[in-house]
Amino acid sequence: MIVWKFKGGIHPPTKKLAKDSKIEKMESSKRFYLFLAQNAGNPPKLIVQAGSEVKTGQRIADADGFVSVPLHSPVTGKVVEIKKEKHPVTGRPADMVVIEKTKADEWIKLDPVKPYTDYTPDEIKKRVVEAGIVGLGGATFPTHVKLAPSKKVDTVILNGAECEPYLTIDHRMMVEYADEICKGGVAIAKAIGATKIFAGIEENKPDAIEAMKKAGDPMGIEIVVLPTKYPQGSEKHLIYAITKKEVPSGGLPMDVGVVVDNVSTARAIYRALEYGEPLIERGLTITGEGVKASKNVFARIGTPLSDLVNYASPTEDTQRVILGGPMTGVAVESLDIGISKGTSGITVLPEMIVKKAVETNCIRCYRCVDACPTNLEPYLLYKQFKKKMFNEMKETHLMDCIECGSCAYVCPANIDHVKAFKTAKLVVRTLGRR
C-alpha cells in the first residue's frame with residue numbers, strides 16, 4: 001500500500017526506553033483516587049456516597065447523557081471520601097472519589113458473557129457503553145459515540161502509531177496482545193458495518209508489525225507500515241496517510257467514512273465482550289531519565305501516581321512528572337492523585353533535562369508554520385492570544401489545532417503555544433455557550 005505523507009511535523013528523539021520491557025501487572029494499591037471527569041463530554045453522575053461498600057467492577061457513577069460513560073470501582077472496598085481536587089488537565093476543582101481497598105477482588109462483571117463473535121452490532125454498542133470504554137490513546141472520547149456514526153462508515157483504522165516520545169505501552173500491547181487487539185477491531189467493524197480494517201504502525205516497531213500481521217492476516221486486517229514522524233498518530237493525519245482522504249476543517253472522521261480507535265481501546269472492547277470486564281484497568285508506561293527502570297504496566301484506574309513512580313524507582317534528582325508524554329502531556333503538581341482512563345504514560349524527568357527556558361519575543365522566523373501539521377499559523381494565533389482576540393483566533397482556525405506541540409518544539413523564542421491555545425479553546429467554547 002502507498003502511504004501518503006503529511007505536510008509539517010517534526011522528528012524529536014523517540015527515547016523509547018521501555019520498548020523491550022514486557023508489561024508487568026502491578027499489585028493493587030491501598031487507596032484509589034478517581035476523578036469523575038475521566039471522559040470527554042459530560043462527567044458521569046455519582047451514585048455512591050461516603051461510607052458505601054463497593055465491589056470490583058461495580059458501577060459508582062452513571063453516564064450523564066449520550067457523550068458520557070459510567071465509572072466503575074477498581075477494587076473491592078469502601079468509599080472513604082468524596083471531595084474536590086484540582087484536576088491536572090483543566091486546573092479547576094473537580095469531584096474526586098477516594099476508595100480504600102478492604103479485601104480481595106469480589107467482581108461484578110457485565111452480563112451476559114459470550115464469545116465476542118456472538119454479539120449483534122447493537123449488543124456490541126451497548127456493551128461498550130456499559131463498560132465505560134473511552135479512547136485510551138489519551139483523548140478519552142466515549143467510544144460508543146464513534147460506534148454510532150450519523151454517516152456511512154466503511155473503514156476502521158486501528159491506531160498503533162504511538163509517535164509520542166518515551167511512550168511504549170501501545171507498542172508492547174501489539175507485541176503481547178495482538179490477537180485480542182485484532183478481535184476488538186473486528187468487533188468495531190461489525191458494530192458499524194465497516195468492510196475494511198487497517199492497523200497503522202510506525203516503522204520503528206518491527207516486532208509489533210510482525211505480531212499484528214500474524215494475528216491480523218487471518219481476520220482480514222491490513223497492516224500499514226508508516227514513516228516514523230511526529231505527529232503520525234494524530235487521527236486526521238493517520239487517515240490521510242492510509243486512505244488519502246482529508247477530514248475537512250471542523251469535520252469528523254466519519255465525514256470521510258472512517259472510524260479510528262487506539263489499539264488499546266480495541267483490546268478493551270474485546271475484553272468487555274469476551275470476559276465482561278468493565279474498564280477498571282489500563283496499560284501505561286512509566287518512563288524517563290527520572291526513573292531507574294522504565295516499565296510498561298497494567299494498573300487499576302485511580303492508582304496513585306506516587307505508587308507508580310515508586311514502582312519504577314525514581315532517581316534522587318527527579319524534577320518533573322508528566323501525565324502522558326513530553327509533547328502532549330501535562331506536568332502535575334502533586335503525586336497524590338490517581339491515574340485516569342486517559343493516562344497512557346507517566347514521564348519522569350530529572351533536573352538536568354527540564355529546561356527552564358525564558359520566553360522571548362517572536363522573531364517571525366516561521367519555523368512554527370513549517371512544522372504545523374494542520375497548516376495553521378501559530379505565530380499569528382499567539383499574537384491574537386496575547387491581545388485576547390478570541391473571536392479572531394476562532395476565525396484563524398484555532399479549533400483545528402491538535403495541540404501536538406510541534407510549534408513549541410521548534411520555536412527559538414521558547415513560546416509555549418500549546419498552553420496558550422488550550423486556554424484559548426476553553427474561552428472560545430465558553431463564549432459559544434453563552
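Student: How many aromatic pairs does a search of the whole structure find?

Tutor: A pair of aromatic rings is described by the distance of the centres and the angle of the planes. Rings of Phe, Tyr and Trp (its six-membered ring) pair if their centres lie within 6.5 Å; planes under 30 degrees apart count as stacked, over 60 as edge-to-face and the rest as tilted. Searching the whole structure gives 6 aromatic pairs. In one of them, the ring centres of Y270 and Y275 are 6.1 Å apart and the planes stand at 85°, so this pair is edge-to-face. The model is predicted: local features need pLDDT of at least 70, side-chain atom pairs count only at pLDDT 80 or more, and totals for chains, interfaces and linings use all residues. Residues are numbered from 1 along each chain as its sequence is written, and side-chain values use heavy atoms, with hydrogens and water left out.

Student: Which residues do ring pairs link into a cluster?

Tutor: The cluster consists of Y116, Y270 and Y275.

Student: Is Y270 buried or exposed?

Tutor: Buried means under 20% relative accessible area, exposed over 50%, partly exposed in between (1.4 Å probe, protein chains only). Y270 has a relative accessible area of 4%, so Y270 is buried. Y275, at 35%, is partly exposed.

Student: Which residue lies over the face of F6?

Tutor: A charge sits over a ring if NZ of Lys or CZ of Arg is within 6 Å of the ring centre and within 35 degrees of the ring normal. K229 lies over F6, at 4.6 Å from the ring centre. K295 lies over the face of Y311, at 5.2 Å from the ring centre.
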